[in-house]
Amino acid sequence: MENLALKMQERLPAELIAFLRIAGKGAEARGQRLYLVGGAVRDLLLGRPNLDFDLVVEGDALALARWLAKGEGIGGENEKGGERVTVHRKFGTAKLRRGSLNIDLVTARSETYAKPGALPTVQPGTIRDDLLRRDFSINAMAIDLSPGSFGRLLDPHSGRSDLEQGRIIRILHERSFIDDATRILRALRYEQRLGFKLEKNTERLLRKHKSMLDTISGDRVRHELELILKEDRPEKILERAQALGVLQQLHPSLRGNGWLAEVFGEARQKAIADPALYLLLIVYHLSEEEIERFIARLKIVGELGRNMRQMPRLKGDLPALADHALPPSSIYRLLKHYPPGLIAACALASDTPIVRHHLELYNNQLRYVKTFLDGEDLKRLGVKPGPRLGRVLETLREAKLDGQVSTREDEEALTRQLMGRN
Ligand code: ATP
């Protein structure tokens, strides 16, 4: 069995190694064994940076976490330079923060799925049980942290060969996608991120069981989709999801096509890409009803949901922005009730250059234009508080946008003129 201690020494921060050694020793002193597992092992072998470390202990994770929090030379809960330890008793997990490193500590467990898509029933188990419950072979390796065998690789599912020779994403058993269909989305994410391929049987089962995605709650699907949208080139994952029929399973009208790739790429070029913007672009071509269905399926709430719901209305207003002679005040009036995030999405999505230009002009300049005079100034000039005052302010702003006033004095003169009219 290969020992990775040297590789760890080369590729992981020295203070983390020191911590892992202390933690391994501490576990042993309590008759337990501690392992580094999952993504950190995968990325160590690949030479990719990863600051999230999952530790699994065959024994009581909470007791070990508490011991670590108090431990000699490690630093207690609120000590400077030491770990910050947060214990979640209900889940039997502990989180340790050490500088920019995130370390999760859990008890080794085995899982059984009472029904597809439901969260599993868990019981304490061995490290082998714990690796067996994982998604793919490349994520199902562990490194022993016990003093006597520090750095020993545990690889019961041949993850290392899949990682280094096969370059494949492989599930661990035939029911994997039935038990937890979020793995369908995870598989596509790793495939594109690492430039790997789905292993043949894994791809066959993924196609066969894609309808199991219907068993996954909106929150969990949304979470996985957001993880996809945090990858470097999410459009590649969506394109693959479309080719496999996975995207349509989430919503029949979704498309992972060349158009999407183009607008995603442009969003990144403009350095405005984020999951919320991508999601708005994903629903850009959907009708009002289709958007409602998407929002309901993914349980989208808050600002993003509101922005999505306003999308069809803003799209309806876009033709009015196609006029080259449109004065800035008219652009302002058309757009002032729409949120900037939605306007940014429509600017990327619209294929009419003048419409794009007007949307960007509003977002980058017009919405920031402020009058010299404020409400207090207007009251001093004799405008009575109330709706009228708001209208005067808006008129001043529009005059300023169109260059009809440019100084404080101009605005005062215009205010007097407006009052004189009534
Ligand atoms: P990433 O680099 O994407 O964060 P990661 O491997 O650290 O990768 P996490 O989502 O943090 O991914 O999960 C940690 C580990 O837990 C994974 O490596 C995998 O072993 C396991 N895991 C996560 N989600 C599942 C799942 N749905 N089914 C089975 N195992 C899972």
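Q: How many helices and strands does the protein have?
A: In this predicted model, the protein has 22 helices and 11 strands.

Q: What makes the protein more spread out than a compact globule?
A: The globule rule gives 22 Å for 422 residues, whereas the radius of gyration of the protein is 28 Å, which is well over that value, so the protein is more spread out than a compact globule. The box filled by its C-alpha atoms, taken along the principal axes, is roughly 90 × 50 × 40 Å.

Q: Why is helix α3 called largely enclosed by the rest of the structure?
A: A residue counts as buried when its relative accessible area is under 20%, and 7 of the 8 residues of helix α3, which covers residues 39–46, are buried, so the helix is largely enclosed by the rest of the structure. The buried residues are Gly39, Ala40, Val41, Arg42, Asp43, Leu44 and Leu45. Just after α3 comes Gly47, with a positive phi of about 75 degrees.

Q: What share of the residues in the protein is buried?
A: With the cut-off of under 20% relative accessible area, buried residues make up 50% of the 422 residues in the protein. The accessible surface comes to about 20,400 Å², and carbon and sulfur atoms hold 50% of that surface.

Q: Which share of the contacts with a separation of 6 or more comes from residues 24 or more positions apart?
A: Taking contact to mean heavy atoms within 4.5 Å, residues 24 or more positions apart account for 65% of the contacts in the protein with a separation of 6 or more.

Methods:
Residues are numbered from 1 along each chain as its sequence is written. This is a predicted model: local features need pLDDT of at least 70, side-chain atom pairs count only at pLDDT 80 or more; totals for chains, interfaces and linings use all residues. Side-chain values use heavy atoms; hydrogens and water are left out. Helices (H or I, at least four residues) and strands (E, at least two) are DSSP runs, numbered from the N terminus. The radius of gyration is taken over C-alpha atoms; the globule rule is 2.2 Å times the number of residues to the power 0.38. Buried means under 20% relative accessible area, exposed over 50%, partly exposed in between (1.4 Å probe, protein chains only). Accessible areas come from the Shrake-Rupley method with a 1.4 Å probe; for residues, only the protein chains shown count as cover.
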